[in-house]
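I opened my notebook to look at one helix and one metal site.

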Amino acid sequence: MHENLNKIKSLEGAPRIVKNFLNAEEIKKFLSLYSALPITVNNLKQKVIKKRWISGFEKELEKILRDRIKLEIGDFIMDNINERNGTESLGLFQESFKPIGLHVDGGFDLKNTIYKQTLLPLSDQGETIIFKNRYYGHSTSFTKKVSDLEENSVENFKKGKNIRSSDHLEMYGSKPFDKENYEKYLKHEDIDNLKGLEVEFIYKWKLGDLFIFDRTHLHCSSCNITSKKIGLATFTKK
Ligand SMILES: [Fe+2]
């Protein structure tokens, strides 16, 4: 569990969409930045390409991102996975062709006061499902699949991979997940893996928006991806 639990909880709030965070010209610039960055991860199984945005690469866009996020959430410190040499990362671009499963982005250091995470959509396609349920531990993927749980290792954690856990099945009660929401948004998950969860917010991606939510929320993408989606995820702490 996170050490500064009371502080973390005091900073929590409702998920929120910032309209017109970027204009059309700026969206183009962010897409060019995405194309220019080298690939960090190309995961064929999860069908996702990840590119880490390193500080100093496109300073003008870096300033836009930092200044405008600050206007929305106040003072913050970036809390992304940095380069091995210590160079700061401003976030992770993810181009996904397959929905991402249930997880939390609590980070990798329980001493940190985790704060907000932001999603900057760079495609109009995509939906993010935020659950009411919260978790106060490391970055964790929640699964009941034994083959996934077997991926846990100290090496993977050190590399910045989420912990695989089924603890959520004991934490949020035994109420079956709502069938309508399941059929509409979450068919990529096992419905029993969503036991006890309730949807808080469904964010439909829109170019130009910024979506902000607490890092303690369980969340996942919806099953509705017809081709691919691109977004920039940035994590913060206090
Ligand atoms: Fe996430």
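My entries on the metal site and the helix follow.

**Ground rules.** I worked with a predicted model, where local features need pLDDT of at least 70, side-chain atom pairs count only at pLDDT 80 or more, and totals for chains, interfaces and linings use all residues. Residues are numbered from 1 along each chain as its sequence is written, and side-chain values use heavy atoms, with hydrogens and water left out.

**Iron site.** I looked up which atoms hold the iron ion: His-103 (NE2), Asp-105 (OD) and His-219 (NE2) coordinate it at 2.1 to 2.2 Å. Donors here are N, O and S atoms within 2.8 Å of the metal (3.2 Å for Na, K and Ca); water is not among the atoms, so the site may look incomplete. The donor spacing in sequence reads H-x1-D-x113-H. Asp-105 sits in the loop between strand 6 (103–104) and strand 7 (114–121) and His-219 in strand 13 (residues 217–221), so the pair ties together parts 114 residues apart in sequence. Helices (H or I, at least four residues) and strands (E, at least two) are DSSP runs, numbered from the N terminus.

I then checked burial (buried is under 20% relative accessible area, exposed over 50%, partly exposed in between; 1.4 Å probe, protein chains only). Asp-105 counts as buried at 12% relative accessibility, and His-219 is buried at 4%.

**Helix 3.** I found Leu-61, Glu-62, Ile-64, Leu-65, Ile-69 and Ile-73 buried in helix 3. They cover an arc of only 160° around the axis (from the directions from the helix axis to the C-beta atoms), which puts them on the same side of helix 3. The face turned away from that buried side carries exposed Lys-59, Lys-63 and Leu-71. Just after helix 3, Gly-74 takes a positive phi of about 80°.
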